[in-house]
Amino acid sequence: MVTEPSAPTAPDWPGQRLGLPESGPRSVGRLGRRIGAITIDWMIAVVISAAFFSYQPLVTLAIFVGLQVLMTVVVNASIGHAVLGLRVVPIEGGLLGVWRPFVRAVLIALVIPALL
């Protein structure tokens, strides 16, 4: 008798497959909070750009990336993340270093203009 393998079940919460808890520290941030955090960060970049650089698009993007990298390296959270109680941590633990926040910010900067 041959038994067929069962289909994988969907996880009950984001991060379950990675062994992360459903809520609390080290849990995966929900989409709404992530969108809120990036919106706060983008608005800060827009205000700085409008105040000092006549709201030039590439300058706004550079300010956004700079703030993302600086804040993530220093406190493991952008300003928007900190306001909404999120943090950026590597799955395996340890320090983020500089290259992870830089790559993360550049990838976000490539997606944001495509969405607008």
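A residue is called buried when its relative accessible area is under 20%, exposed when over 50%, and partly exposed in between, using a 1.4 Å probe and protein chains only. With that in hand, let's look around. The model is predicted, so local features need pLDDT of at least 70, side-chain atom pairs count only at pLDDT 80 or more, and totals for chains, interfaces and linings use all residues. Residues are numbered from 1 along each chain as its sequence is written, and side-chain values use heavy atoms, with hydrogens and water left out.

Most residues other than glycine have a negative phi. Helices here are DSSP runs (H or I, at least four residues), numbered from the N terminus. Asn-76 also has a positive phi, about 60°, without being a glycine; this residue sits in the loop between H2 and helix H3 (79-84).

Are these two buried or exposed? Ser-54 is exposed because its relative accessible area is 65%, whereas Asn-76 counts as buried at 16%.

| Residue | Phi | Relative accessible area |
|---|---|---|
| Asn-76 | about 60° | 16% |

**An aromatic pair**

The structure holds one aromatic pair. Rings of Phe, Tyr and Trp (its six-membered ring) pair if their centres lie within 6.5 Å; planes under 30 degrees apart are stacked, over 60 edge-to-face, and the rest tilted. The ring centres of Trp-42 and Phe-64 are 5.4 Å apart and their planes meet at 65°, so this pair is edge-to-face. It ties together distant parts of the chain, 22 residues apart: Trp-42 belongs to helix H1 (residues 31-53) and Phe-64 to helix H2 (residues 57-75). Trp-42 is buried at 16% relative accessible area, and Phe-64 is buried at 1%.

**Out on helix H4**

Trp-99 is placed in helix H4 (residues 99-115). Why does Trp-99 count as exposed? Because its relative accessibility is 56%.

**The largest pocket**

A pocket is an open set of points on a 1 Å grid over the protein atoms alone, with protein on both sides within 12 Å along at least five of seven lines; lining residues have an atom within 4 Å of a point. The lining of the largest pocket has 38 residues, and Arg-34, His-81, Arg-87, Val-88 and Arg-104 lie nearest its centre. H1 and H4 each give at least two residues to that lining.

Key
On a 1 Å grid over the protein atoms alone, a cavity is a set of points where a 1.4 Å probe fits but cannot get out, and a pocket is an open set with protein on both sides within 12 Å along at least five of seven lines; lining residues have an atom within 4 Å of a point.
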